[in-house]
Amino acid sequence: MTKLICPECSAENDSSAEHCCECGASLTLENLIESSKGEETDGDALNRVSTAETDLPGLLHALKQDGDVTDEHDGSEPSPADDASLPDSEDKEEDRMLPDWLNRIRQRASEEADSAGEIIQKLSAAQENLAKEKRESHHEDFASWIQNVRDEASSSPSENQPIDESEPEVNLKKPVETPEWLNKIRKISGSAHDDLKKESSSYDLGGDSLLQWLMDLEDGKETPEEIPKPSLDDMDYEYEGGEESTPSEHEFDGGVTQEMRIVKKVVPGLIVTREEQAQADQLEATIVDEGASRPLRKPGKRTSSWVMRLFFALLLIGSVSFALFVGDPPQLQERALKDQNQDLLTWASEISPSESLLLIFDYQAGYAQEIMLIATPVLESLVNKEIKITILSSAVTGKLLAQRLLSALEMDETAIFDDLGYFPAATYGAYGLANRDQGTWPLVDLPEPAQKLQAKGFDGILILSDSDESARSWVEQLSALTPETPINLLLTAQAGPLLLPYWESGQVTGMISGISEAAAIEAAGGKETSLPSRWRAHQTGIVMLMIVMLIGAFFVVERTPSDEGRKAS
Amino acid sequence: MNINELIWGAVGFLLTVMILSYLIGDNFFFRLAVHVFIGLTGGYLAVLIINQILIPQLMTPLITGSWPEKAWFIVPVLMITLLLLSQIPRFKTIGNIPLAYLLGLTAALAIGGAVFGTLIPQSRAVIAAFDPGRWAVDPENSWFSILDASIMLIGTVSTLSYFHFGRKRNPKNDQEVAPPPMIFKTLSKIGQIFIGITLGAVFAGLFSTSLVALIDRIVFIGQFVAQFFGGG
């Protein structure tokens, strides 16, 4: 027999009564609902448990919100350290599955605060927020909750017995005290609870009790409902300041209860500006492009290229070696000297013994042999005139190369050399050399090394260079500031063509460039050196290179990607 | 051949062969030789700067020089100090002062040298080529001198026309608003010929220089092998 309990005086009334027999209070449904709303806070735990069996996600959320649940099951609950490590382990697993380039980008983004890194950092911050939410709400994880319940069940002596409805009330200690009227109801109207239990059991399609149903679920007999998890889509939701419950009423045979509807916890929205969005799109495009498949070059072509390259190189070396070492040195054919060569030789022959000369060494060791072949006849005619020669080096190895070149000359011991040392930058050295006496302010009491550097103190300047740029620096500065000082050039073949206009304009007195002009000068001088055999080898090598270039022009060995693109276009 | 020549000759021989091994592609021996070369160059440069610049041109005058001589080194010492301090993150910005000074000085020297050492003299040379007085010096080759000057003028003008980028462009599609005048198109085509000839001459010179270096290495290897096996 169902009876109604007056919410005002807790007196028993017949189920059909509209007013309390003791205090006369109204016992209509609306009044009872209003009364139960007023008691919601105190009866919150009971309501959750009683209605949970009808809504599994609601049950899980309700239990999660009840902090005492975890306190009661320390033995089975994961520790806070485990809680913290849970998302970390997931992150590590995720990191392992990511490609290396993405990990590098993330690592770089975490280290550098550039534009792309800023976006990554924001995304990382959003992910960390999500991870933090996961840590805070890991009890929502169904598996861990199941584990708690299983451990609890295994620790209970009545493991396999049907569990009474009141058991959750015992195990789940409530933080608030059960209201007195509710205890009275439970004592007096146990039959009403039995009816409620029957109703609940019939409503619950899962089994005899919640725990049994969960056990069956763990064993695979039941299919759980999926618990919604926060995702990036949730960020679009409006922030509601945490969770809140919206009560809705259900009536079970005279008893009134409430169904808790748990609102998803909303993650704060990520505000991205248009510029950041564009950068993110660009980054995404880059990532996609990096992962895109690209056609691989066929190894067969590479092998054939390697073989062809080696073949032609050995052919060139063999032919040059043959020209060098086989047969007697040829007799150089005498031919007319070029004007710039003749001008330099004339200047060298006209310089008097009392004059001074500045030698600038501005070439690398790799070109030392060519410079030596060119400069030897000129320098031998100068050093034997007892003129004062000052040496200056603007190349790293210039000082050593100067010693090597001068030691190879056939000269008297009366030659006077003064070494100014190494000047790191040709432009500064040239300007300093040329502008020493041109300054507006008189520079007095200069240090001794600076005093030696005076262009006006030299009657001629001879530059030995392998680079058109550094030689041009010297010529530009010296010819502009000291045009009366004759400048002469001894150059490699690669620097000669670009400096020839300076001779034609009169800025340079004379010049010799390349082994061909050196061979012509030696042929005119008639002195026997090692140059003829080298000149023959040089000619042979030039012919071989021309043949190889012609072969390469007709038979393309390997197409480059630009060739392929040109062909496609 | 004494032991000293033998050791250094063998080292040179091995390094030469290791560099030439690049003919079969990039390999360990080539990289080893390159690393040895870079390391030696760096070490030598450091020693050279200390011995040739810092000690004789900075330290010695500072120690032994007179007070007026020492006064000259206030600025370089200050610059060096600022550069060294810039290596400390807290004082990183003050390193910009000597760098700005060097950059400005280099730009000024380069521009001054280019204008007064190249542009003006070369322009003057082109103009002087049309001086009738020069043609009269050698009457037999006067027509050749005129032809030479004409080619020089055409080459100069056409090459400058090829590098003429002064026309307006539409910012929307980066295309020229109006097509270039026909004269510019023609001169540009002629300029390409002159540029091609110039680059061909530079390429031939580069080839020639590289070949001389190769010949030098082959001669060295041949001499070393001959001395090692034949005693010559």
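The axes of helix 20 of chain A and helix 5 (residues 96–128) of chain B come within 8 Å and cross at roughly 75°, where axes are lines fitted to C-alpha atoms, for helices over the stretch in contact, and angles run from 0 to 180 degrees between N-to-C directions. Helix 20 of chain A and helix 5 of chain B are therefore roughly perpendicular to each other, since angles under 35 degrees count as roughly parallel, over 145 as roughly antiparallel, 65 to 115 as roughly perpendicular and the rest as oblique. The contact is made by A:Ser473, A:Val475, A:Glu476, A:Gln477, A:Ser479 and A:Ala480 on the side of helix 20 of chain A, and by B:Gly113, B:Ala114, B:Phe116, B:Gly117 and B:Thr118 on the side of helix 5 of chain B; two residues are in contact if their C-beta atoms, placed from the backbone, lie within 7 Å.

This is a predicted model, in which local features need pLDDT of at least 70 and side-chain atom pairs count only at pLDDT 80 or more, while totals for chains, interfaces and linings use all residues. Residues are numbered from 1 along each chain as its sequence is written, and chains are lettered from A and ligands numbered from 1 in the order in which they are written.

**The two chains**

The secondary structure of chain A comes to 24 helices and 10 strands, whereas chain B has 8 helices and 0 strands; helices (H or I, at least four residues) and strands (E, at least two) are DSSP runs, numbered from the N terminus. A residue is buried if 20 or more other C-beta atoms lie within 10 Å of its own, exposed if 12 or fewer, and partly exposed in between, with C-beta atoms placed from the backbone. Buried residues make up 27% of the 569 residues in chain A, and in chain B, 6% of the 232 residues count as buried. Among contacts in chain A with a separation of 6 or more, 72% are between residues 24 or more positions apart, while for chain B the share of such contacts that join residues at least 24 apart is 35%.

Where the chains meet, 46 residues of chain A are in contact with 44 residues of chain B. The largest share of the side of chain A that touches chain B, 9 residues, comes from helix 14 of chain A.

**Helix pairs within a chain**

Two packed helices are described by the angle between their axes and the distance between the axes. The table gives these values for two pairs.

| Helix pair | Angle | Distance between axes |
|---|---|---|
| Helix 1 (residues 3–20) and helix 2 (residues 28–64) of chain B | about 125° | 7 Å |
| Helix 16 and helix 22 of chain A | about 30° | 9 Å |

The contact is made by B:Leu15, B:Met18 and B:Ile19 of helix 1 of chain B and by B:Phe29, B:Phe30, B:Leu32 and B:Ala33 of helix 2 of chain B. In chain A, helix 16 also passes helix 22 in a left-handed crossing, and the residues that make this contact include A:Leu373 and A:Ile374 of helix 16 and A:Ile515 and A:Ala518 of helix 22.

**The core of chain A**

A nonpolar core is a set of buried Ala, Val, Leu, Ile, Met, Phe, Trp, Tyr and Cys residues joined through C-beta atoms within 7 Å. Of the 71 residues in the largest one, A:Ile360, A:Ile371, A:Ile463, A:Leu464 and A:Leu490 touch the most other members. The largest share of this core, 10 residues, comes from helix 16 (residues 368–383) of chain A. Leaving aside its neighbours within four places in sequence, A:Ile371 is in contact with A:Tyr363, A:Leu464, A:Asp466, A:Leu490 and A:Thr492.

**Two single residues**

A:Ser513 is found in strand 10 (residues 510–513) of chain A and is buried, with 29 other C-beta atoms within 10 Å. The C-alpha atoms of A:Ser513 and A:Gln340 are separated by 9.6 Å, although these residues are 173 apart along the chain.

B:Pro98 lies in helix 5 of chain B and is partly exposed, with 19 other C-beta atoms within 10 Å. Beyond its neighbours within four places in sequence, B:Pro98 is in contact with B:Met79, B:Leu82 and B:Leu83.

Note on methods. A crossing is left-handed if the near helix is turned anticlockwise from the far one by less than a right angle, and right-handed if clockwise.
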